[in-house]
Amino acid sequence: MRIFFIRHAESQANTLHEISNRGLRYGLTMQGRHQALALARQLENYAISQIYSSPVLRAIETSILLANHLGVDYEINEALREFDCGILEGRSDAEAHQGWKDLFDAWVLRKEWERRIEGGESFYDIQARFMPFIEGLVQQYGNTDSSIACVSHGGLYWMMLPVILKNVDAALIERFGLGYTACIEAELREEALFCVAWNGQAVELDD
């Protein structure tokens, strides 16, 4: 079993610097569409059989472009949604971005996993929806040669990839980055998921 964890392509929310992690407000930019199609061409030889998408529009549009090019189905799943920023949603001002950064640092640097922005999610909330989804994929596809793609968001991957991939930590994410259409390839080995490549670059399997 192989899972490709893919970040969405560039969206209008990204160019506007707006915190927009709910719903269908902002789709991809033209540059984002080109990015998604370029990634689709790179994935042609991997025999991906199913794509799962975050319900946020930028991820859905990325998934549609991938699915159409690869000739596979896509399915929307709430587990892949970006983490909710509560009262900061829809804002693009400096104060809002500082609030987002403060939360990010609290989780990544200080392990304050119960912390949240008012009306938003904690690290534990994200984990509670994401982990069962991944466990379900492993249960469904673990004994097969299937290749699955998940299209989600940078914030969610920053938090959850170190939880589910045995050889990934924050230092490795900083090293390789999570730019638009970043593609992290993971394989199930001895009942655990390991990252084997990051944007096509091989990753050490030592756990």
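Which residues does Ala-106 touch, not counting residues up to four places away in sequence? In this predicted model, the residues touched by Ala-106 are Lys-111, Glu-112 and Arg-115, where contact denotes heavy atoms within 4.5 Å. Ala-106 belongs to helix H4 and is buried, its relative accessible area being 0%; buried stands for under 20% relative accessible area, exposed for over 50%, and partly exposed for values in between (1.4 Å probe, protein chains only). Between Ala-106 and Arg-116, ten residues apart in sequence, the C-alpha to C-alpha separation is 9.3 Å. Helices (H or I, at least four residues) and strands (E, at least two) are DSSP runs, numbered from the N terminus.

Residues are numbered from 1 along each chain as its sequence is written. As the model is predicted, local features need pLDDT of at least 70 and side-chain atom pairs count only at pLDDT 80 or more, whereas totals for chains, interfaces and linings use all residues; side-chain values use heavy atoms, with hydrogens and water left out.

An open sheet is formed by seven strands in the order E3-E2-E4-E1-E5-E6-E7, with mixed pairing; two strands pair if DSSP finds at least two bridges between them. Strand E3 (73-76) and strand E7 (201-202) are the edge strands, each pairing on one side only. Four bridges connect strand E2 (residues 48-53) with E3 in the parallel sense, and Ile-51 has Tyr-74 in E3 as its bridge partner. Strand E1 is mostly covered, with five of its six residues buried. E1 runs parallel to E4, to which six bridges join it, and Phe-5 stands opposite Cys-150 in E4. With E5, the pairing of E1 is antiparallel and extends over five bridges; here Phe-4 stands opposite Glu-185. In a regular strand the side chains alternate between the two faces of the sheet.

Helix H5 packs on the sheet, where it touches E1, E2, E4, E5 and E6, and its direction makes about 165 degrees with that of E2. Helix H6 lies across E1, E4, E5 and E6 and runs at about 150 degrees to E1. Axes are lines fitted to C-alpha atoms, for helices over the stretch in contact, and angles run from 0 to 180 degrees between N-to-C directions.

The largest nonpolar core comprises 45 residues, and those with the most contacts inside it include Phe-5, Leu-137, Cys-150 and Trp-198. A nonpolar core is a set of buried Ala, Val, Leu, Ile, Met, Phe, Trp, Tyr and Cys residues joined through side-chain atoms within 4.5 Å. Among the elements that each supply at least two residues of this core are strand E1 (2-7), helix H5 (123-141) and strand E4 (147-152). The most is given by H5, with eight residues. Apart from this core lies another, of 14 residues, including Leu-43, Ile-48, Ala-59 and Ala-149.

The axes of helix H2 (residues 30-42) and helix H3 (residues 57-70) come within 9 Å and cross at roughly 40 degrees. Residues of H2 that meet H3 include Arg-33, Ala-36 and Leu-37, and their counterparts in H3 include Thr-62, Leu-65 and His-69. The residues of this contact divide into seven nonpolar, two polar and two charged; Ala, Val, Leu, Ile, Met, Phe, Trp, Tyr, Cys and Pro count as nonpolar, Asp, Glu, Lys and Arg as charged, and the others, Gly among them, as polar. Also found in helix H3 is Ser-63, which counts as buried because its relative accessibility is 0%.
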